[in-house]
Amino acid sequence: METFGSRLHRAMEERGPLCVGIDPHPALLARWGLPDDVDGLARFCRTVVEALGDRVAVVKPQSAFFERFGARGVDVLESIIRQLRGAGALVLLDVKRGDIGSTVAAYADAYLDPSSPIYVDAITASPFLGVGSLTPMFDMARKHGGGVFVLALTSNPEGAGVQRAVGPDGRTVAQTIIEEISQLNVGSEPLGSFGLVVGATVGGTGHDLSGVGGPLLAPGLGTQGGRAEGLRTVFGNGLANVLPSYSREVLGAGPEPAALRAAAERALADCRAALTAAGQ
């Protein structure tokens, strides 16, 4: 069975290092001239799949913007997951789940078991109940070739107080997370299946990300303030494994599919240029 890390590495080689987030919040639906209801949500998603599903390496739906419509919104989420996978994109579901025991095991069943209707290639997860609490997710991912991206250094200002807090051993909370995820990827080639989420706007972190061995998701590029040329500052020697992620910068160009494709191509060109220049 092919691992998520191997699939992601191939997708980035073939389609380029780009993730596009799908965040259909009310203002974006209105900007597209769509109603803020399930019908508008479904029409929005169909357009995104048509425009980007066969072009972008990774697409990242934000689950909350579907859940807010209840069961019918989750139906749309299930549909877009199937459509995106059918178009060849890897689906990273942004759910940021985290819990303990049977609950985190149920989250693993929901998102990483192929028998689930909301099965995806990978999910985001919160480690702040302890990285070990996510073990059922890691185990399910290994069993079925899935991936888990664990929050480490996020862009929101509230995060620093927790993530950069220093423990008794002198390491920050984030450094502990980095090292524990690195251990999960030992021996994985060409890329591990367990990644980290590091905001593209955090600047120089003082943390060494070069030995993670897995993908480094960098959300916050474009409208949220991050710039591709700034990735070297954030990731340093870990740049080779970075998966840049744009959302509003690309989706705001809609609703015409051609305009969405053009925006994605511009974002990808910026990322290629920055990553190539940094690697020279």
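Buried here means under 20% relative accessible area, exposed over 50%, and partly exposed in between, computed with a 1.4 Å probe on protein chains only. By this definition, both Phe-4 and Phe-149 are buried.

The structure is a predicted model, in which local features need pLDDT of at least 70 and side-chain atom pairs count only at pLDDT 80 or more, while totals for chains, interfaces and linings use all residues. Residues are numbered from 1 along each chain as its sequence is written, and side-chain values use heavy atoms, without hydrogens and water.

**Nonpolar cores**

A nonpolar core is a set of buried Ala, Val, Leu, Ile, Met, Phe, Trp, Tyr and Cys residues joined through side-chain atoms within 4.5 Å. The largest one has 78 residues, and those with the most contacts inside it are Phe-44, Val-148, Leu-196 and Phe-235. Helix H3 (residues 38-52) contributes the largest share of this core, nine residues; helices (H or I, at least four residues) and strands (E, at least two) are DSSP runs numbered from the N terminus. A second, separate core of 16 residues includes Val-58, Leu-90, Leu-92 and Val-197.

Neighbours within four places in sequence aside, Phe-44 is in contact (heavy atoms within 4.5 Å) with Ile-22, Pro-24, Leu-28, Leu-29, Trp-32, Leu-34 and Leu-251.

**Aromatic pairs**

Rings of Phe, Tyr and Trp (its six-membered ring) pair if their centres lie within 6.5 Å; planes under 30 degrees apart count as stacked, over 60 as edge-to-face and the rest as tilted. The count comes to four aromatic pairs, including these:

| Pair | Centre distance | Plane angle | Class |
|---|---|---|---|
| Phe-4 and Phe-149 | 6.0 Å | 85 degrees | edge-to-face |
| Trp-32 and Phe-44 | 4.3 Å | 40 degrees | tilted |

Phe-4 in helix H1 (residues 4-15) and Phe-149 in strand E5 (residues 147-153) are 145 residues apart. Trp-32 and Phe-44 are both buried.
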